[in-house]
Amino acid sequence: MQLEQFKYFLRYEPHTGLFRWNMDRTRGVKAGDVAGGITSRGYREIHVQYKLYRASRLAWLYVHGPIPDGMQIDHINKNRSDDRIVNLRLATPIENSRNKKMPITNTTGFKGVLLHKETGKFVASTKLNGKRLYFGTRHETALEAALAYDAGVQSIHGEFASLNFPLQREAA
């Protein structure tokens, strides 16, 4: 479907990231109502003309035009339902995979940090191209290891680094 066809059905609010219907729809949906719903994976999706579209991709199309082949839309703040245009950026699949939330299995409270049980020291590490990179294996505290992790991944991944302390990026 072309952009002009989407604009017939929907309008985008860049400051909220929401799409609203331009006309009354079926089942009590009125013009001005928020379009779409949140999926179990956290993305907002919208049905238009019997086809399902991810709102982040529609938002990019509305503001910047078509998404180049091989590129994805990344949610900078990791909130998959936050489709404000300031929160969206183009990313390769690898770049997009770097901007992940901390795993729920994490026990230290910091991304990229684990406690080495035998030494009682904290290890900071990440993976790059299938190989483990270490940013220190004998940190005294989890906080010290988290800071080392942040510095290491920021130097490797740049703006796509998922940091424990994101405000460090602005100070750097």
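This is a predicted model: local features need pLDDT of at least 70, side-chain atom pairs count only at pLDDT 80 or more; totals for chains, interfaces and linings use all residues.
Colleague: How many aromatic pairs does a search of the whole structure find, and which residues do ring pairs link into a cluster with Phe 19?

Modeller: Over the whole structure, the search returns seven aromatic pairs. One of them joins Phe 19 and Tyr 62, whose ring centres are 5.4 Å apart with planes at 80°, so this pair is edge-to-face. Because Phe 19 lies in strand S2 and Tyr 62 in helix H2, the pair ties together parts that are 43 residues apart in sequence. The cluster that ring pairs build around these names consists of Phe 19, Tyr 62 and Tyr 12.

Colleague: Why do Phe 19 and Tyr 62 each count as buried?

Modeller: The cut-off that matters here is a relative accessible area under 20%. Phe 19 counts as buried because its relative accessibility is 0%, and Tyr 62 counts as buried because its value is 14%.

Colleague: Which element supplies the largest share of the largest nonpolar core?

Modeller: The largest nonpolar core holds 20 residues, and those with the most contacts inside it include Phe 6, Leu 10, Phe 19 and Leu 58. Helix H1 (3-9), strand S1 (10-13), strand S2 (18-21), S4 and H2 each contribute at least two residues to this core. The largest share, six residues, comes from H2.

Colleague: Why is helix H2 described as largely enclosed, and which of its residues are buried?

Modeller: Helix H2 spans residues 55-64, and seven of its ten residues are buried, so the rest of the structure largely encloses it. Leu 58 touches Phe 6, Leu 10, Phe 19, Ile 46 and Tyr 53, leaving aside residues up to four places away in sequence. The buried residues of H2 are Ala 55, Ser 56, Leu 58, Ala 59, Trp 60, Leu 61 and Tyr 62.

Colleague: Which residues make up the covered face of strand S4, and which the uncovered one?

Modeller: Strand S4 pairs with S3 (residues 37-38) in the antiparallel sense over two bridges, and four bridges join S4 to strand S5 (residues 51-54), again antiparallel. Among the facing residues, Arg 44 is the bridge partner of Ile 38, whereas Glu 45 stands opposite Arg 54 in S5. Within S4 (residues 44-48), the uncovered face is Glu 45 and His 47, and the covered face is Arg 44, Ile 46 and Val 48.

Colleague: Which residues are linked with Arg 89 in a network of salt bridges?

Modeller: A search of the whole structure finds five salt bridges, and in one of them the side chains of Glu 159 and Arg 89 meet at 3.3 Å, N to O. Glu 159 lies in the loop between helix H4 (142-157) and helix H5 (167-171) and Arg 89 in strand S7, so the pair ties together parts that are 70 residues apart in sequence. With a relative accessible area of 10%, Arg 89 is buried. The residues linked with Arg 89 in the network are Asp 74 and Glu 159.

Colleague: How far apart are the closest N and O atoms of Lys 121 and Glu 140?

Modeller: Lys 121 and Glu 140 form a salt bridge, with the closest N and O atoms 2.3 Å apart. The pair links distant parts of the chain, since Lys 121 is in strand S9 (residues 121-128) and Glu 140 in the loop between strand S10 (131-134) and H4, 19 residues apart. The distance asked for is 2.3 Å.

Definitions and conventions
Residues are numbered from 1 along each chain as its sequence is written. Side-chain values use heavy atoms; hydrogens and water are left out. Buried means under 20% relative accessible area, exposed over 50%, partly exposed in between (1.4 Å probe, protein chains only). Two strands pair if DSSP finds at least two bridges between them. A nonpolar core is a set of buried Ala, Val, Leu, Ile, Met, Phe, Trp, Tyr and Cys residues joined through side-chain atoms within 4.5 Å. Contact means heavy atoms within 4.5 Å. A salt bridge is a side-chain nitrogen of Lys or Arg within 4 Å of a carboxyl oxygen of Asp or Glu. Rings of Phe, Tyr and Trp (its six-membered ring) pair if their centres lie within 6.5 Å; planes under 30 degrees apart count as stacked, over 60 as edge-to-face and the rest as tilted.
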